[in-house]
Amino acid sequence: MDTPQFTLRPSAAGLWVRCAGYATMAARFPELPGDNEVREEGTAGHWAAFEIGNNRPVPEGTVAPNGVTLTEEILDGVAEYLAVLRSWGSPIYLESQVAIPSIHAECGGTVDAWSWDAPNRTLYVADLKLGYVPVDPFELWQLLAYFRGILDYLQAIHGLFTEHFTVVFVIVQPRGYGHDTVKTWRVNSERLIPYMTTLRTAAHNAIAFRDGEYGQRVGSEKGAFTAGPHCENCSAKADCATLQAASLQLIDVSTDHGALELTYDQAAAELRRLDRAIKVMEARQSGLEGKLTHGIQKDGYIHRNFEMSGGNGKLAWEDGKMLQAIALAKVLGYDIAKPLQALTPTQAKAKVPGAVLDAFTVRKSGTLKLRRLADNHADKLFNQE
């Protein structure tokens, strides 16, 4: 599952499409060590999906190659993901490395899962997300770049596709609590042409900036850096002057204005701007927190307002001593062993085919709360197959 090194990776396409300077800055300022628990769990989950998808069992408690112990929750999510892939009914390719020369010679990465259903002329492209922030496949640059890479591969085998076909983009996000855990965007390949043009242009701009040719390419040196919510995922967010300027503009405003009465439309418009501003500020905040954490832990930096501290970790059984503890407690008249219980509903349905267990399960409704719709929500309603 090793992947060749590419400068422009689809997993970061949401960044280099919006900011031509991203790839250069990310190379100069790699991510600092910090709390990457969710990311590491995602890596472990992808490994488990690859193993189980290739008929190699991975029981709960298995330690993945990156050192993460696979929990019931992670394996439950993997089971849901693999069930979605099996529902396609065509051969599945897991963790496939793809080069994407039609976007740029330095573009490529690893597709979580894809399948070409030739009889029905349908291409499936899926991504497993084990994070908590909801991700929508609609106009997701990562999946769009993967699509182009898969198409490059298929065309190398079958020749140019002269007829358009159906593309189904899928995000499986078991931890997207309060949201659908499986989201799809079904679209005709013809509608994806403008996105491919945008990816190609952005890729060449990013490499031109790295090579000192950006101004010559676009006619001006200005505009290479763009701050916005996408900065949250940039490793250079603590060292980016553009993000700093954008965030500082939102601080320390004082006026003599008093009360105001907003219409609902005005409140909605302001809330959208505030949501975006908060994301910009949070991106800058997390970048600075990472920089100070590194400084305190690695360089001995001292500041009167910041320190590294932590509470007690979770109490756990020492390796190999859990059964001894159960036996000792039983001698003393106490039963501390867990009672026998079923797998989670998702894991059980992955084992038992069909709808046999449907009568025994229920999906409970979540709590009502204000939901944000993406800026492209209206486009999504009309840009489906």
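Q: What is the volume of the largest cavity?
A: In this predicted model, the largest cavity has a volume of about 120 Å³. A search of the whole structure, counting cavities of 30 Å³ or more, turns up 1.

Q: Which residues lie nearest the centre of the largest cavity?
A: Those are Cys19, Thr226, Cys231, Cys234 and Cys240, out of 15 lining residues. Two elements, α2 (22–28) and α8 (241–248), each give two or more residues to that lining.

Q: How do the residues of the lining of the largest cavity divide into nonpolar, polar and charged?
A: The lining has 11 nonpolar residues, 3 polar and 1 charged. Cys counts as nonpolar here, and four of the names listed above are of that kind, Cys19, Cys231, Cys234 and Cys240.

Q: How do you know that the span of helix α5 agrees with its number of residues?
A: Helix α5 covers residues 141–158, and at 1.5 Å a residue its 18 residues should span 26 Å. The C-alpha atoms at its ends are 25 Å apart, so the two values agree.

Q: Why is α5 said to be largely enclosed by the rest of the structure?
A: Because 14 of its 18 residues are buried, where buried means under 20% relative accessible area. Just after α5 comes Gly159, with a positive phi of about 85°.

Q: How many aromatic pairs does the count come to?
A: There are 14 aromatic pairs.

Q: Why is the pair of Trp88 and Tyr124 called stacked?
A: The ring centres are 4.8 Å apart, and rings pair if their centres lie within 6.5 Å. Their planes stand at 15°, and planes under 30 degrees apart count as stacked, so Trp88 and Tyr124 form a stacked pair. This pair links distant parts of the chain, 36 residues apart: Trp88 sits in the loop between α4 (72–86) and β1 (93–99), and Tyr124 in strand β3 (residues 122–128). Both Trp88 and Tyr124 are buried.

Q: What makes the pair of Phe209 and Phe225 edge-to-face?
A: With centres 5.2 Å apart and planes at 90°, the rings pass the cut-off of over 60 degrees, so the pair is edge-to-face. Phe209 belongs to helix α6 (residues 193–210), while Phe225 is in the loop between α7 (214–218) and α8, 16 residues apart.

Q: Which residues do ring pairs link into a cluster?
A: The cluster consists of Trp116, Phe138, Trp141, Phe147, Phe161, Phe165, Phe169, Trp185 and Tyr195.

Terms used
Residues are numbered from 1 along each chain as its sequence is written. This is a predicted model: local features need pLDDT of at least 70, side-chain atom pairs count only at pLDDT 80 or more; totals for chains, interfaces and linings use all residues. Side-chain values use heavy atoms; hydrogens and water are left out. Helices (H or I, at least four residues) and strands (E, at least two) are DSSP runs, numbered from the N terminus. The expected span of a helix is 1.5 Å times one less than its number of residues. Buried means under 20% relative accessible area, exposed over 50%, partly exposed in between (1.4 Å probe, protein chains only). On a 1 Å grid over the protein atoms alone, a cavity is a set of points where a 1.4 Å probe fits but cannot get out, and a pocket is an open set with protein on both sides within 12 Å along at least five of seven lines; lining residues have an atom within 4 Å of a point. Grid points are joined across faces, edges and corners, and a volume is the space filled by probe spheres set on the points. Rings of Phe, Tyr and Trp (its six-membered ring) pair if their centres lie within 6.5 Å; planes under 30 degrees apart count as stacked, over 60 as edge-to-face and the rest as tilted.
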